[in-house]
Every structure is written in C-alpha cells, then in structure tokens.
Amino acid sequence: MPRPPLDGLIDDLYYLEGAPPYARLTLPPMPAAVFIVNLGAPFRIRAGIDVEAAEYTDGCVITTPTHALAFGYPLRTRSVGVHFKPWGLAPFLPTPAAELRDRPVTVEQVWGRPAMAELRDRLATAGGPHELLTLLEEELMRRLGETAGLGLVRHTSSVMAATSGAVAIGDLSAAAGVSSTHLAQRFKELIGVTPKRLARTYRFAATVFAIDFAGSIDWGDLAGGAGYFDQAHFGHEFRAFTGLTPTRYIEGRRRFLREHPGHTLDGWPLPAD
C-alpha cells in the first residue's frame with residue numbers, strides 16, 4: 001500500500017516474478033487501471049477478440065477497460081506495477097484517458113523513452129522487491145500533480161464503489177451540483193469511460209467476487225442480488241464483459257483452482273487457457 005497522498009489514487013503496488021501457471025491469462029474488466037514496468041522478457045496483450053496480440057517490452061499502461069484482456073506471458077516473467085483506482089491514473093497521463101480506452105500503450109508512449117529507460121535501469125538494479133516498490137512509489141510521488149475535476153470524479157466513483165454500482169447516475173450528478181453531461185465529460189477525461197459504464201463495471205466485479213466457486217450456484221439468485229433485471233440480462237452482461245458464458249467462466253475458474261490449489265492468483269477473477 002502506498003503512503004498518502006498516493007493511497008487515494010492507488011489500490012496497491014505489486015511485484016511479480018516467476019513462472020506463470022498458464023501461457024495466457026484472461027482478465028475480465030475490473031474498476032481499475034493498470035500500470036506495469038516490465039523487467040523481464042516481453043509479454044503480449046490482446047485487447048479484444050478481433051485484434052492481434054501486441055508485444056510489450058518496457059511495460060504497459062491500461063486505463064479502466066470495458067472488455068476482457070488476454071495476457072500472454074513468457075516462461076519466466078518479472079515486473080513491477082500499480083493497480084490504480086479508476087480515477088487514479090489520470091494525474092500521470094499526458095492525454096485524456098478516453099483516448100486510451102481499451103487500447104493498451106507502452107509506458108514509453110506515456111512518459112517518453114529517456115524517462116522510461118532511466119526508470120527501468122534503476123528498477124533493474126534494485127536490491128529486492130521492497131526497494132523496487134519504494135523506487136516506483138518515489139517516481140509516482142515525483143510525477144504527481146494537480147488534475148482538474150479529480151475531486152468530483154473521485155467522490156462520485158467512490159459512491160459507486162460503496163454501492164457496487166447500484167446508484168442512479170442522475171442522483172450522483174445532482175448531489176454533486178453538476179449536470180449529467182459535465183459529469184460524463186469529466187469521467188471520460190479522467191477515467192476513460194462514462195459514469196454509467198463504470199457503474200456497470202463495479203456491479204459486474206462485485207458479482208464475480210460474490211461467486212462461491214466451491215459450491216453450487218443459483219444463477220437466478222446471484223443475478224437478482226446483484227441488481228440485474230433477470231438471469232438473461234446477467235448472462236448478456238457477462239458475455240459482454242468476458243466473451244464467455246457464466247457457465248464457461250465457472251468451468252475455467254474451477255479448473256484453475258483444481259490444477260493450482262493455493263496459487264497466488266487464485267483470488268483473481270480470471271479464467272486461464
């Protein structure tokens with residue numbers, strides 16, 4: 001966990017090293033942005049079923065996604081990264097977040113080649129995970145600046161998080177004293193998606209994390225408890241977010257748990273190939 005004021009923008013900083021359990025891991029969209037500095041062999045990301053996977057050598061920056069991303073890892077991987085809150089990446093971007101929606105870019109494209117090369121060199125020669133994370137945290141502190149509209153977006157997004165997306169967008173804009181159009185513009189600038197889309201993502205994430213993979217699943221109860229109109233609505237939303245039916249998703253998650261019990265990734269909402 002980073003120290004203030006970064007803790008208001010970031011969920012966690014992490015270090016990843018080792019052999020992935022599968023060659024490809026598919027991460028459903030979550031209410032979070034991701035920043036990765038790669039310190040090992042290149043990895044690949046496929047951002048959608050109708051596009052080719054792209055290779056990332058120095059790392060990548062991903063704003064809050066609207067559909068699943070497939071990560072292809074080398075046999076050994078090593079990286080350090082940041083899980084940002086949906087609004088947290090904005091102070092570190094030179095462009096509106098909407099321009100990067102569902103379009104992962106390299107860190108070099110965001111921070112420039114000289115700065116990225118210098119940061120990677122410093123991280124690569126660090127003494128261990130703690131020093132790596134400290135160096136990354138210091139770099140983020142150094143780059144942190146003021147961002148217009150961040151307070152508004154942070155507050156309304158936090159209300160969404162607290163209600164798992166079950167909140168009327170009109171009520172949020174009225175409570176904030178701004179128009180729905182203004183709120184949507186700020187969200188697209190700082191998060192990359194509209195308030196309605198972020199609320200859908202919060203609801204989907206809460207639903208996925210509520211699934212008990214070890215027991216039987218009553219899809220009707222699950223859908224109703226999450227605020228979906230009916231099971232068909234839930235199934236449609238699930239496919240839109242993941243490209244999978246709920247049943248296929250469950251099969252993948254259960255297979256992962258069987259083949260890799262207690263793995264560090266077993267709490268992540270991901271299926272694996």
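This is a predicted model: local features need pLDDT of at least 70, side-chain atom pairs count only at pLDDT 80 or more; totals for chains, interfaces and linings use all residues.
Residues are numbered from 1 along each chain as its sequence is written, and side-chain values use heavy atoms, leaving out hydrogens and water.

Let's begin with confidence. The protein has a mean pLDDT (the predictor's confidence in each residue, from 0 to 100) of 91, with 98% of its residues at 70 or more. Helices (H or I, at least four residues) and strands (E, at least two) are DSSP runs, numbered from the N terminus.

Now turn to H6 (residues 180–190) and its partner H4 (residues 150–162): their axes come within 10 Å and cross at roughly 95°. Axes are lines fitted to C-alpha atoms, for helices over the stretch in contact, with angles from 0 to 180 degrees between N-to-C directions. The two helices are therefore roughly perpendicular (65 to 115 degrees). In contact here (heavy atoms within 4.5 Å) are residues including Val153 and Met160 of H4 and Leu183 and Phe187 of H6. The contact comprises 7 nonpolar, 3 polar and 1 charged residues.

Finally, find Glu139 in helix H3 (residues 129–143). Glu139 has 4% relative accessibility, so it counts as buried (under 20% relative accessible area, 1.4 Å probe, protein chains only). Beyond residues up to four places away in sequence, Glu139 touches Trp111, Leu119 and Arg122.

Conventions:
Angles under 35 degrees count as roughly parallel, over 145 as roughly antiparallel, 65 to 115 as roughly perpendicular and the rest as oblique. Ala, Val, Leu, Ile, Met, Phe, Trp, Tyr, Cys and Pro count as nonpolar, Asp, Glu, Lys and Arg as charged, and the others, Gly among them, as polar. Buried means under 20% relative accessible area, exposed over 50%, partly exposed in between (1.4 Å probe, protein chains only).
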